[in-house]
Amino acid sequence: VNQRTLGLEELRRLEATGSAAGLPLMQRAGRAVAEFVVQQAAPGAKITALVGPGNNGGDALVAAKLLHEAGYIVTVVMPSQTKQPPKDAEKALADWQLTNEAIATDRIPPNSDLVIDGLFPFVR
């Protein structure tokens, strides 16, 4: 098997191509995260989603909404942002806001059963 690591620019081009083709990459990533959480945490567990300004934050928001709908107690923590999020992440934020749940900006709940990290991209 021939494997290689994609650089950040190459990965962004690949994501843009998929997005332009109508592939719901953020929804798929968020759903995969939510499915993983369901395997790891009991129903009704307290989940914290840490949300950054980029697409990883959007992935975490999609997962948070799905988990909220599944009956988990979800807290979204999003530090103040100075940068405009990408379009897909902006949509994920609007979808989360439809749940009418608050967004914390300054503190992480001390008693979370599981934390989703959507703050930082994975860069090698």
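A residue is called exposed when its relative accessible area is over 50%. The model shown in these views is predicted.

**View 1. The loop around N100.** N100 sits in the loop that links α4 (87–97) to β3 (103–104). Its relative accessible area is 70%, so N100 counts as exposed. Most residues other than glycine have a negative phi. N100, which is not a glycine, has a positive phi, near 65°.

**View 2. The four-stranded sheet.** The strands form an open sheet with the order β3-β2-β1-β4, and the pairing is parallel. β3 and β4 are the edge strands, each pairing on one side only.

**View 3. The pairing of β1 with β4.** Five bridges join β1 and β4 in the parallel sense. L50 has D117 of β4 as its bridge partner.

**View 4. The largest nonpolar core.** This core holds 24 residues. Within the core, the residues with the most contacts are I47, L61, L67, V74, V76 and I116. At least two core residues come from each of α2 (25–40), β1 (46–51), α3 (55–69), β2 (73–77), α4 and β4 (114–118). The largest share is that of α3, with six residues.

**View 5. The surroundings of L61.** L61 is among the residues with the most contacts inside the largest nonpolar core. Leaving aside residues up to four places away in sequence, L61 touches V51, V76, M78, A89, A92, L93 and W96. One of these, V76, is also listed with L61 among the residues with the most contacts inside the core.

How values were computed: Residues are numbered from 1 along each chain as its sequence is written. This is a predicted model: local features need pLDDT of at least 70, side-chain atom pairs count only at pLDDT 80 or more; totals for chains, interfaces and linings use all residues. Side-chain values use heavy atoms; hydrogens and water are left out. Buried means under 20% relative accessible area, exposed over 50%, partly exposed in between (1.4 Å probe, protein chains only). A nonpolar core is a set of buried Ala, Val, Leu, Ile, Met, Phe, Trp, Tyr and Cys residues joined through side-chain atoms within 4.5 Å. Contact means heavy atoms within 4.5 Å. Two strands pair if DSSP finds at least two bridges between them.
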